[in-house]
Amino acid sequence: MRIASFNINGIKARLPRLKEWLEETRPAVACLQEIKTQDDGFPADEFAQIGYQAIWHGQKSFNGVAVLADGTAPVEIKRGLGIDGPNDGEGEQARYLEAEVNGVRICNLYLPNGNPHPGPKFDYKLAWMQRLRARMQELLAMEQPCVVLGDFNVIPQDQDVWAVKAMADDALMQPESRDAYARLLGDGWTDAIATLNPRGGVWTYWDYQAGAWQKDHGFRIDHVLLSPQAADRLVSAGVDKPYRGREKASDHAPVWVELG
DNA sequence: ATGCCTAAGCCCCTTAGA
């Protein structure tokens, strides 16, 4: 089964591109980030028309995550990690949605960007990663096939960015961000794309600005992490890079794993 | 040192993204 993740940067602006991608690649599960709409603005019937059922956690203007499944309803397990956003009194942002689909636990996340650093947004990112690690440790203890995927907003290593210098001051590749990501892997998770591309050079994001796509100036921040029981079933993993080059594209490309 | 683009809101400018 193919399990995919796509930061779509606005579900309203991206709907035609998104439906194309679903119909052309037909993932069993598709996790979306940055739907940027409130719950009642989610176009569930558009997906139903092409055979996908969905659960979603929306928010006005920003963030927002959804899990789509081909021909079956995702069973919601958990929404949110129980951590408030960085602004006073705003409550929790819509960044985490956990579900079960065909016996596989699916955890869809949109990790805080954390810029600028240092500052409250960077502190929020690190606190969020700490909460995520605690949840992922609980998931490991279940000893079940589990896939944690989405936009992690972390460039794990220097080989995951087109130019280290260009991003050196960015929250995405600060040592604290990288250490927190490395701790997740150290607990026993497999970074599927890194494992199958050990020399790096694989990008999932290209900025809209400065001709980044045309120059292939990208980096890898969308990840698919597998529990040992899921990693045993790993067949292949990849990035649907051509979708970044289409009209009205997201600035991210979809990422996916194939489990046997 | 800054803007480079894009999306959304209440919206012809500001905020946020990465």
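Predicted model: local features only at pLDDT ≥ 70, side-chain atom pairs only at ≥ 80, totals over all residues.
1. **Overall fold.** Chain A contains seven helices and 14 strands. Its radius of gyration is 17 Å, close to the 18 Å from the globule rule for 260 residues, so chain A is as compact as a globular protein of that length. Along the principal axes, the C-alpha atoms fill a box of roughly 45 × 45 × 45 Å.

2. **Burial and contacts.** Of the 260 residues in chain A, 45% are buried. Take the contacts between residues at least 6 apart in sequence: 69% of these join residues at least 24 apart.

3. **The core.** The largest nonpolar core has 76 residues. In soluble globular proteins, nonpolar side chains tend to be buried together. Which residues have the most contacts inside this core? They are I3, V29, V67, I106, V147 and V224.

4. **V29 in detail.** Leaving aside residues up to four places away in sequence, V29 touches I3, A4, V67, L68, A69, V101 and I106. Three of these partners, I3, V67 and I106, are also on the list of core residues with the most contacts.

5. **Helix α1, geometry.** Helix α1 covers residues 11-25, 15 residues in all. Its end C-alpha atoms are only 18 Å apart, whereas a straight helix would reach 21 Å at 1.5 Å a residue. The helix has a kink of about 40 degrees, centred on R17. After α1 comes R26, with a positive phi near 45 degrees.

6. The residues I11, R14, L18, W21 and L22 are buried in α1. What covers them includes three strands: β1 (2-7), β2 (29-33) and β3 (52-57).

7. **Helix α3, geometry.** Helix α3 runs over residues 120-141. At 1.5 Å a residue, its 22 residues should span 32 Å, and the end C-alpha atoms are 32 Å apart, which agrees. Just after α3, E143 has a positive phi of about 55 degrees.

8. Where do the buried residues of α3 sit around the axis? The buried set is F122, K125, W128, M129, L132 and M136. They cover an arc of only 110 degrees, which puts them on the same side of α3. The face turned away from that buried side carries the exposed residues A134, Q137, E138 and A141.

9. **Helix α3, cover.** The cover over the buried residues of α3 includes β7 (104-110), β8 (146-151) and α5 (175-186).

Methods. Residues numbered from 1 in each chain as written. Chains lettered and ligands numbered in written order. Helix = DSSP H or I, 4+ residues; strand = E, 2+ residues; numbered from the N terminus. Rg over C-alpha atoms; globule rule 2.2 N^0.38 Å. Buried ≥ 20, exposed ≤ 12 C-beta atoms within 10 Å, placed from the backbone. Contact = placed C-beta atoms within 7 Å. Core = buried A, V, L, I, M, F, W, Y, C linked by C-beta atoms within 7 Å. Expected span 1.5 Å × (residues − 1). Arc of directions from axis to C-beta. Bend = angle between axes of the 7 residues up to and from the residue.
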